[in-house]
Structures are given as C-alpha cells and as structure tokens.
Amino acid sequence: MEKSVKILIIIAAAVFIFSALNLIPYMNRYHQGINDEGMLTYGGQRVLDGQFPYRDFFSHLPPFNHLLTSAWFSIFGSNIFSARLLMILIGGLMGLLIFLISLRILPLKIAWAPPVLFSIAGAAHWPVLSHHWNGVVFLLLSLWLILIFEEKNDGGCGDSGRGGKGGKFILILAGISCGTAFLFMQSEGIAAIAGLLIFLIARGRSRCACYILPLVIGFLAPLLVTFIALNVNGALPSYIYQNYIWVKETAISFNASSFSLNHVTKIINSFALQAGGIKHLTMPVIAWLVNASMFIFVIILKYALFYPVLIGVLILLLLKKERGGPEVSLWALIAVLVPWILITAYKQDMLYLNYLTPLWYIALCYGMYNIFKSARGGVIAITVIAGLFLVHNYFLINESKDFKFPIAFPRGTLYSSSREKAGGMNKILVHLEKNTKQGDKIFAYPYASSFYFLTGRKNSTMFDALWPLLSPRSLILKAKEEIEASRTPYIYFFILSPDALDAYPTVDRKLFHEEGIWMNGVILDGYLPDGDFIFCRVFKRNK
C-alpha cells in the first residue's frame with residue numbers, strides 16, 4: 001500500500017473517530033422537550049412489539065426510521081444507551097462522508113475541516129437520534145457516489161468507456177442511496193435525486209439514457225419494494241395520509257418559520273446587556289465572556305452568513321477560469337444543496353438550517369481557501385475558524401458537569417441540568433412504578449413518545465403525539481375512543497412550557513390555547529386528578 005493511501009486512511013479513520021467520540025458527552029443527557037429521539041426509539045419499540053407502522057400507530061416519519069431502530073434494538077437491546085450508541089455511529093458516518101466529499105473539492109491539508117466544523121456546530125447542536133440525520137447520511141452517500149462516477153466516466157455510454165458497466169453500477173447505487181434517503185426523510189431524498197439529475201443534465205448527459213435510467217431505476221427500487229410491503233400489510237393508505245396528506249394540510253403550516261436574523265439579534269443584544277453590567281473580571285466572568293463570544297461567532301457564521309457564504313462561493317465559481325475536478329465536484333454539491341434549501345424553505349429557523357450545514361461547511365471551506373491570493377492564507381483562515389470552533393466545542397462539552405441530577409428511568413438513567421426537573425420526573429416515575437408495571441398500557445400527551453420508551457410502558461392508543469391544531473379533531477376523538485376501549489387506568493398530561501410555541505411563530509396562540517382546552521376536555525373526560533408533579537398532572541380513571 002502506498003504511503004499516501006495509508007495517510008489518507010489514517011486521516012479518514014481519525015475524522016470518523018472524532019465525529020463519533022465528540023457526541024459521547026451528550027450520551028447520558030436528558031433532553032426534555034426534544035422529541036425526535038422519542039419518535040424513533042418508541043416507533044422502533046412498537047415494531048419490535050409486533051406493530052406495523054401507519055396501520056397500528058400513527059407516524060409522520062418515513063418507514064426506514066422505525067425499521068432501523070427496531071433492527072438496532074433487536075441486536076443491542078431496547079434501552080437509551082443503545083439508542084445513543086446509534087446516534088454516535090450516525091455522527092461518525094456523517095463526518096466520514098463529509099470528509100470523502102471534501103477530498104474531491106478541497107486539498108487534503110484542509111479536507112479535514114468541514115467534518116470537524118460540522119461535528120462541533122452541526123451534529124453536536126442537535127445530539128439526538130433524528131430522521132433528518134438518518135436522511136443526511138444517505139444524501140451524502142449519494143453525492144459521494146456521483147462524484148466517483150464523474151471521476152471514472154469519460155463521457156461515453158458504451159462499456160468500452162472508463163466508466164463502463166462499473167459506472168452504471170455506481171449510478172444504480174447512487175439512485176438506491178437517494179431512495180433510501182427518501183425513506184428516512186423525504187426532503188433529503190428528493191433533494192438528492194433532483195440534484196444528481198440536474199448535475200448529470202447540466203454535464204450534457206441528458207441525451208444519453210444510459211446515465212439517467214440507472215439513477216432513476218436505483219431511486220425507484222427501494223420505494224417500490226417498500227410500497228409493496230406497506231400495501232401487503234394494509235398500511236399503504238394510512239402511510240399516504242400520515243406522511244403526505246396530513247403533513248401538507250397541517251404540519252407544514254404549523255411548523256412554518258421563515259429565515260430571520262431576529263433571533264441572532266436578540267442573542268447579541270442579550271450578550272451586550274449582560275456584558276455591559278460586568279464590573280469585575282474574575283475567572284468565571286472571563287470564562288463566560290469567552291463562551292458567549294464563541295457561541296455568537298458560531299451562530300453568526302453558520303446562520304446569519306449562511307446565504308452570503310453560498311452566494312460568495314457561487315460568484316467565485318463563476319469567476320474561476322479553471323473547470324477542473326474540484327470545481328465540477330462543487331457544482332455537484334451545489335446542485336444538491338439548492339433543491340434541499342428550496343424544499344425546506346418553509347422552515348428555516350436555526351434548528352432546521354442546521355440540517356443543511358453538512359454540505360454548507362464544505363462550500364465555506366472552499367470559499368475561504370480560494371478567496372485569498374495565496375493558498376497559505378486560505379489554510380490559515382480555515383485553521384483559525386476551526387480553532388475558534390474547538391473553543392466553542394470545549395464549552396459545549398464542559399456543560400456536561402451541569403447535567404448532574406439523575407433521573408432513574410427503567411430503560412437507563414439520564415441526567416438533567418435542572419434539579420427541579422429531575423426531581424419532578426423522579427416523582428412521576430415513583431407514581432408510575434407504584435401503580436403500573438413495565439408493559440402496562442397508559443396514555444401520555446401531548447408529546448411523550450420518549451416517556452413511553454424510557455419507562456417501558458405502552459401507549460393505549462395509536463397516537464404518540466396529540467397537539468392542539470397540529471392534530472385534527474378527528475384524530476383526537478379517535479384517540480379517546482381507543483383510551484375508552486382499553487380502559488386506560490392512568491393518563492399523564494405533560495404541561496407545555498410558556499415558550500413551547502417559540503419555535504412555531506405562525507401558530508395562533510389564542511386559537512392554540514382554546515383548542516388545547518377542548519382537547520383536554522375530551523381526553524380527560526371520565527378521569528379524576530391523581531397527582532400534580534410540577535410539569536405533569538396525572539389522572540386516574542373514574543371507575
């Protein structure tokens with residue numbers, strides 16, 4: 001093996017290990033209010049228990065999410081640490097794929113930077129299992145495969161070309177990866193297949209069906225197999241409603257949040273106000289100043305400058321005289337990123353824009369490297385940014401010491417940064433253990449999928465989430481029918497915090513409150529109060 005290949009393998013392994021290990025500090029944290037993880041973990045548990053998605057339980061997540069977690073739990077066990085181990089693996093894979101794509105756009109001496117930046121201020125900014133991250137893995141894989149195809153193919157359609165049959169096989173694999181991304185998260189799958197088709201057509205290959213057909217066939221293959229399986233199990237109509245009709249009619253408008261710098265401005269103003277009141281520079285104060293400054297730097301760079309950076313990179317590309325490999329590869333990246341942005345344009349707050357950063361960080365580093373007259377200047381600039389991100393990373397990891405209050409869930413102990421929240425949840429668990437056992441049916445709402453999984457209890461209905469306005473009244477009434485049919489002994493109502501709707505700026509607060517009162521009246525009819533635990537009220541069936 002050549003020395004250069006060995007070095008490349010060592011760097012790739014180091015990137016994977018860093019991207020994975022950087023998520024370990026988040027492994028035992030309790031994330032109250034973050035529900036992506038619960039949708040995946042409890043959905044996977046439902047499948048392990050013999051239920052079929054969409055037919056036996058409501059889910060707006062594409063089917064591969066539940067299949068992945070159920071398969072993982074069948075091997076490593078149904079507990080929170082198994083779930084977090086899967087999160088760490090996915091983080092490592094994202095970092096590795098970002099590195100492999102970066103190698104085709106950036107020189108090796110800076111190709112490490114995009115995965116490191118993303119691991120620190122991408123994956124670690126949402127360190128939980130997520131259908132978005134699942135989809136991102138296969139979006140990245142499809143882009144990497146098309147770049148390999150581009151390198152191998154000489155432009156001919158025949159088997160005599162450098163690409164030959166191997167090139168067609170790579171295209172099929174890229175299409176399958178796009179289809180798999182779609183079955184994890186539709187937006188990622190559509191962006192991937194649309195971007196790759198746009199790239200191939202722009203390269204003048206639309207005239208040759210041997211390029212387009214393998215990609216499209218590969219994309220459709222996993223979809224066709226999945227849809228047949230759904231239909232055979234009587235779940236296809238429910239899947240179409242839950243993943244498309246309900247999402248279009250309700251979820252998109254509920255989640256709508258346009259790109260805005262208001263939140264960034266509020267953060268800066270808050271920092272300025274607090275910093276202005278400082279009278280003595282003690283070590284804790286200095287640490288706070290550095291921590292806050294690094295956080296503001298990262299937020300400004302990856303959110304406020306998200307579009308300016310992309311525009312700048314596009315201008316650089318258009319002005320570049322070279323039309324070689326790195327530029328072609330970057331055009332392929334942009335061909336995927338632009339549809340991805342357009343598809344998710346309805347929701348572009350800090351959280352959702354974060355999902356787009358795996359490709360954006362590559363574009364950022366390309367721009368930084370090429371904007372300077374000398375390559376040395378670009379390397380220094382990227383290294384400085386990486387250094388500042390590492391400082392930010394230190395403070396993120398250092399927050400682990402604040403997560404010191406244990407919550408003894410049956411499926412693993414997690415730690416909260418709030419003594420009050422940990423104490424309240426432990427009291428809820430005492431009530432739960434006293435009155436029920438693992439495997440018993442309860443009902444928890446409005447959004448308590450994690451609660452079911454962590455406590456080992458079963459939902460007496462098919463609905464793991466019931467939100468005012470987000471859940472149509474017909475579904476709330478159906479949930480009540482199932483509660484009555486199973487004679488559910490206890491209902492756990494988790495009270496929404498005052499800032500629960502901050503992430504949903506278009507939702508009518510007054511209407512949401514009124515609908516919540518109606519929903520509680522329906523769900524709690526026939527139940528009496530049995531406990532009040534700070535942020536949760538328990539109700540017992542009135543026999």
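Ser19 is in contact (heavy atoms within 4.5 Å) with Gly91, Gly92, Gly95, Pro115 and Ser119, leaving aside its neighbours within four places in sequence. Ser19 is found in helix 1 (residues 3-21); helices here are DSSP runs of H or I with at least four residues, numbered from the N terminus. At 1% relative accessibility, Ser19 counts as buried, where buried means under 20% relative accessible area, exposed over 50% and partly exposed in between, with a 1.4 Å probe and protein chains only.

A word on the model: it is predicted, so local features need pLDDT of at least 70 and side-chain atom pairs count only at pLDDT 80 or more, while totals for chains, interfaces and linings use all residues. Residues are numbered from 1 along each chain as its sequence is written, and side-chain values use heavy atoms, leaving out hydrogens and water.

Now let's look at two helix pairs. Their axes are lines fitted to C-alpha atoms over the stretch in contact, and angles run from 0 to 180 degrees between N-to-C directions.

| Helix pair | Angle | Axis distance |
|---|---|---|
| Helix 6 (residues 113-121) and helix 18 (residues 375-398) | about 25° | 9 Å |
| Helix 9 (residues 186-202) and helix 15 (residues 325-343) | about 140° | 8 Å |

Helix 6 and helix 18 are therefore roughly parallel to each other, while helix 9 and helix 15 are oblique. Angles under 35 degrees count as roughly parallel, over 145 as roughly antiparallel, 65 to 115 as roughly perpendicular and the rest as oblique.

What makes the contact between helix 6 and helix 18? Helix 6 brings Ala113, Leu117, Ile120 and Ala121, and residues of helix 18 in the contact include Ile382, Phe389 and Leu396. The residues of this contact divide into 10 nonpolar, two polar and no charged. Ala, Val, Leu, Ile, Met, Phe, Trp, Tyr, Cys and Pro count as nonpolar, Asp, Glu, Lys and Arg as charged, and the others, Gly among them, as polar.

Leu396 also leads us to Asn291: their C-alpha atoms are separated by 8.8 Å, although the two are 105 residues apart along the chain. Asn291 lies in helix 13 (residues 283-304) and is partly exposed, with a relative accessible area of 23%.

In the contact of helix 9 with helix 15, Ser187, Glu188 and Phe199 are among the residues from helix 9, and Trp331 and Trp340 among those from helix 15. The residues of this contact divide into 15 nonpolar, two polar and one charged.

Note on methods
Helix = DSSP H or I, 4+ residues; strand = E, 2+ residues; numbered from the N terminus.
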